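This report looks at the aromatic side chains of one protein model. Please keep the sequence and the 3D view at hand while reading.

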Amino acid sequence: MEAAGPVTRTAARRRDRRLRASATLEEQRERRPGRRRPRRRWAGGRAGESAAPSSRGSRIEEDQEAVFREVVSFTPDPLPDRYYDKDTTKPISFYLSSLEELLAWTPDVEEGFNVALGPPECRQPPLSSGRPRTLICHDMMGGYLDDKFIQGSAAQTPYSFYHWQYIDIFVYFSHHTVTIPPVSWTNAAHRHGVCMLGTFITEWKKGEQLCEAFLAGDARSHQAVADQLVLMAQFFRFDGWLINIENSLSLAAVGNLPHFLRYLTARLHQQVPRGLVLWYDSVVSSGQLRWQDELNQQNRVFFDSCDGFFTNYNWREEHLERMLGQAGERLADVYVGVDVFARGSVVGGRFDTDKSLELIRKHGFSAALFAPGWVYECLEKADFFQNQDKFWSLLERYLPTHSICSLPFVTSFCLGMGTRRVCYGQEEAVGPWYHPNAQEIQPLFGEHRLEGDGRGWVKTHCCLADAWNGGSSLLIRGVIPPKVGNVAVRLFSLQVPVPPKIFLSLVYKLEGPSAVGVALELTTGDAGSCHVGGIMMLNAETSSRHSPRPLRVPPTKLARWVGRCGQQLSGGWVQRCYEVSLRGCLLQDLFVSFSRPPGSQEEENFTCRLGEIQVVDANSLLAPLPQVQAVTISHVRWQAAASEGEGRPAGLRLSCTLHWSYLLPHVRCFRVHCCRGTGGGSPGRGLSEPEKPTFLGLAFINRYRIVDLAVAPAGPGRDGRVEFLVEPVPKEGFLVPRAEWGRAAMLYSMPRT
């Protein structure tokens with residue numbers, strides 16, 4: 001068994017003092033089962049950047065590369081079932097099922113795979129603006145499906161959500177006591193500036209007993225639970241909790257409930273920037289379980305004790321009218337529940353959900369859409385994308401969009417899934433894959449028609465049929481009517497104070513023989529004082545909208561990064577690059593424009609795929625890149641593989657964990673590769689037959705679990721060798737030279753007989 005390494009206990013002792021509760025709770029904690037292996041605890045630093053586990057084998061240095069020596073053993077290094085799939089050792093997301101588990105939980109380095117990359121990206125307007133918000137409560141078939149596999153899976157028809165620009169808050173819901181959002185969802189939400197909440201739920205008789213245990217005693221009991229919930233959100237980097245008490249409470253318990261909510265909310269605000277605690281409409285102030293379908297005097301005390309109130313679903317417009325007086329100036333903190341499945345006596349639901357939204361927005365409230373995955377669960381999987389787009393297009397007029405407000409802004413439109421995997425136009429792998437962590441920033445979807453001319457239109461779709469980078473691209477279809485020079489579609493809303501010079505790039509591909517022109521356009525604010533160089537005005541009426549001039553060759557100082565500007569790329573893709581000088585400007589919108597070919601007078605139909613858009617501070621490209629360092633190998637597991645033929649030695653399958661050091665704020669993700677030797681190499685002599693690196697997968701934290709990698713058997717008295725390479729992908733989205741990658745190698749030999 002691997003040594004766990006040194007443990008810093010100061011934070012643990014401080015936390016244990018906070019968690020002292022009633023005698024009942026202490027007894028429950030003492031009864032928790034013992035652990036099979038020492039736990040390496042979080043010492044209070046940045047989660048996910050804790051020390052790597054110790055390597056089981058010896059380590060030597062070779063040409064600035066760490067080399068780990070292993071003797072093959074078929075006795076596995078045990079891994080905790082909570083954090084790893086017991087059959088494959090793939091890292092998984094997890095939940096807690098009891099109060100005892102919650103109180104016993106402490107941050108552990110084994111949980112590093114579950115830590116999100118960072119907080120939500122900046123977007124406008126913020127939640128604090130008071131504008132009515134849109135919340136999604138994601139409840140799908142019990143939760144923790146294919147999305148629990150942190151490094152992805154081979155799911156063929158998974159659920160995907162991509163209308164992020166319309167929502168403010170995403171709640172991951174299940175009926176487990178403590179629902180910790182899978183990190184893949186948290187990363188996707190945060191990439192779009194959306195807050196991610198977990199769920200704390202109690203139900204039925206068991207829920208009554210649980211609530212009695214932590215709410216009916218003194219303040220230390222409920223504060224212990226609140227402290228644990230706050231610590232979880234802080235450690236895993238999600239943003240708060242939906243509190244759902246769906247069982248009756250004793251008078252003592254319900255009397256302490258507002259104190260619990262106030263303490264939880266205050267502590268969360270201290271520890272988690274922009275943290276949120278929401279209350280679901282269930283228990284009333286008497287302790288009875290009586291859904292009110294509105295905010296009123298019977299549940300007002302819970303609303304006053306936290307950040308927001310999520311109503312039950314069986315409301316009518318008169319409920320909304322009564323709530324106006326109850327909510328006062330906090331209209332946006334009331335989230336009116338809409339069951340998209342349309343169960344019970346509800347307004348709207350399904351493809352009539354717009355009827356619910358119309359009434360909610362009429363009265364100025366926020367909306368909480370429960371289970372919009374209805375389009376996936378109840379309709380044909382083959383039509384999922386069409387149905388998803390239909391559902392959200394019906395709601396679009398009631399869902400104000402959000403603006404990106406930071407650079408760099410880069411997206412390949414990847415949905416985090418595909419039927420093959422592509423890297424900058426080069427196919428890497430064929431076969432279905434699903435990795436929500438890998439979802440890129442998604443645009444505004446929908447259909448846009450020309451005013452005054454019903455024949456001109458542009459429509460955007462996500463499409464898995466082709467990709468520039470990842471598994472999908474953005475498909476744009478449209479018609480340019482006669483006597484109209486061009487049509488354009490707004491893809492992104494921005495509110496970005498831009499640096500003096502920005503670099504922009506557009507990668508696209510026209511389908512078929514079309515000669516339609518494709519161009520990137522942008523709008524700027526503060527037009528009175530904004531000076532723009534390197535672009536031309538489109539017309540006087542839209543003086544803040546501009547079309548940059550494409551660069552024929554890249555700027556000399558940026559040639560290292562953008563040497564393909566203006567060139568035809570592999571797979572028929574084309575890259576257009578732009579350099580724009582700005583002063584005192586606010587970048588507001590990004591459009592793609594389609595113009596008719598010179599001399600054409602007829603109606604022009606076009607189909608175009610967008611593979612990537614980049615908007616980058618040009619000076620950031622000149623900054624030196626940090627290097628991936630201190631790559632280590634641990635948690636090694638060997639398995640024998642079947643022989644490939646008569647007389648040939650049986651192969652080996654290797655599973656292990658890589659860990660490395662890198663500043664996460666600089667990175668978009670990591671690409672992990674390997675080079676496998678043929679076996680029989682001598683120590684220090686490298687690969688006997690060098691090969692091109694094989695792509696293994698993506699990481700969104702400083703670690704990656706390699707599972708069942710086929711490697712050659714080591715010959716008698718000789719070493720096999722496998723090398724691992726960690727390629728950082730910076731937020732600017734460019735390829736990093738291999739010299740900046742991290743490297744570690746493993747030399748392995750068979751045990752002596």
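The model is predicted. It contains 42 aromatic pairs. One of them joins Y144 and Y172, whose ring centres are 5.5 Å apart and whose planes meet at 70°, so this pair is edge-to-face, the class for angles over 60 degrees. The two partners are 28 residues apart and connect distant parts of the chain: Y144 belongs to the loop between β4 (134-138) and β5 (169-172), whereas Y172 is in strand β5.

Is Y144 buried or exposed? Its relative accessibility is 8%, so Y144 counts as buried. Y172 is also buried, with a relative accessible area of 0%.

A further edge-to-face pair is made by F310 and Y313, with 6.1 Å from centre to centre and 85° between the planes. F310 has a relative accessible area of 1% and is buried. Y313, at 12% relative accessibility, counts as buried as well.

One aromatic cluster is formed by Y159, F161, Y162, W164, F170, W185, Y376, F384, F385, F391, W392 and F445. Y376, a member of this cluster, has K381 over its face.

| Charged residue | Ring | Distance from ring centre |
|---|---|---|
| K381 | Y376 | 4.6 Å |
| R421 | W433 | 4.0 Å |

Notes. Residues numbered from 1 in each chain as written. Predicted model: local features only at pLDDT ≥ 70, side-chain atom pairs only at ≥ 80, totals over all residues. Heavy atoms only, no water. Phe/Tyr/Trp six-rings, centres within 6.5 Å; stacked < 30°, edge-to-face > 60°. Helix = DSSP H or I, 4+ residues; strand = E, 2+ residues; numbered from the N terminus. Buried < 20%, exposed > 50% of the residue type's maximum accessible area, 1.4 Å probe, protein only. Lys NZ or Arg CZ within 6 Å of the ring centre and 35° of its normal.
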